[in-house]
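Let's walk through this structure together, one piece at a time. Keep the 3D view open as you read.

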Amino acid sequence: MNFRPLHDRVLVKRLESEEKTAGGIIIPDTAKEKPMEGEVIAIGSGARGDDGKVVPMDVKAGDRILFGKWSGTEVKIDGVDYLIMKESDIMGITG
């Protein structure tokens, strides 16, 4: 893949949701909610502050993150589904 997000944007791949509940019930695709956890694939260089200096990103490629349910824009690159979102849409880094 040859894609680099600009400024404070992040390219994220959603992590797969669970196929079964804790009790063993299989969840059909139509009833699954889209996961709000993903892996950072690529990051931009950072946003510019009021002083014109680039503010570095807090996340890096490979981080597992949590984001809001409606965050980001869905895109397909090389046949794979990704999300592009601003760093401010990320709630936190897991693990």
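How many bridges pair β2 with strand β5, and in which sense, parallel or antiparallel? Keep in mind that you're looking at a predicted model. The answer is 3 bridges, with β2 and β5 (residues 64–67) pairing in the antiparallel sense. For one spot to look at, find E37, whose bridge partner in β5 is L66.

What holds paired strands together? Strands of a sheet pair through backbone hydrogen bonds, and they can do so in a parallel or an antiparallel way.

Now move to the other pairing of β2.

Time to zoom out. The open sheet is built from 6 strands, and reading across it you get β6-β7-β1-β2-β5-β8, with antiparallel pairing. Which strands stand at the edges? They're β6 (73–77) and β8 (90–94); each has a single partner strand, so one side of each has no neighbour in the sheet. From one strand to the next, the twist averages 45°.

The partner here is β7 (residues 80–86), which runs antiparallel to β6 and is joined to it by 5 bridges. Across this pair, K76 stands opposite D81 in β7.

Last stop: D8, in the segment before β1 (9–14). Is D8 buried or exposed? Its relative accessible area is 15%, and buried means under 20%, so D8 counts as buried. Leaving aside residues up to four places away in sequence, D8 touches G46, A47, M57, M85, K86 and E87.

Notes:
Residues are numbered from 1 along each chain as its sequence is written. This is a predicted model: local features need pLDDT of at least 70, side-chain atom pairs count only at pLDDT 80 or more; totals for chains, interfaces and linings use all residues. Side-chain values use heavy atoms; hydrogens and water are left out. Two strands pair if DSSP finds at least two bridges between them. Helices (H or I, at least four residues) and strands (E, at least two) are DSSP runs, numbered from the N terminus. Axes are lines fitted to C-alpha atoms, for helices over the stretch in contact, and angles run from 0 to 180 degrees between N-to-C directions. Buried means under 20% relative accessible area, exposed over 50%, partly exposed in between (1.4 Å probe, protein chains only). Contact means heavy atoms within 4.5 Å.
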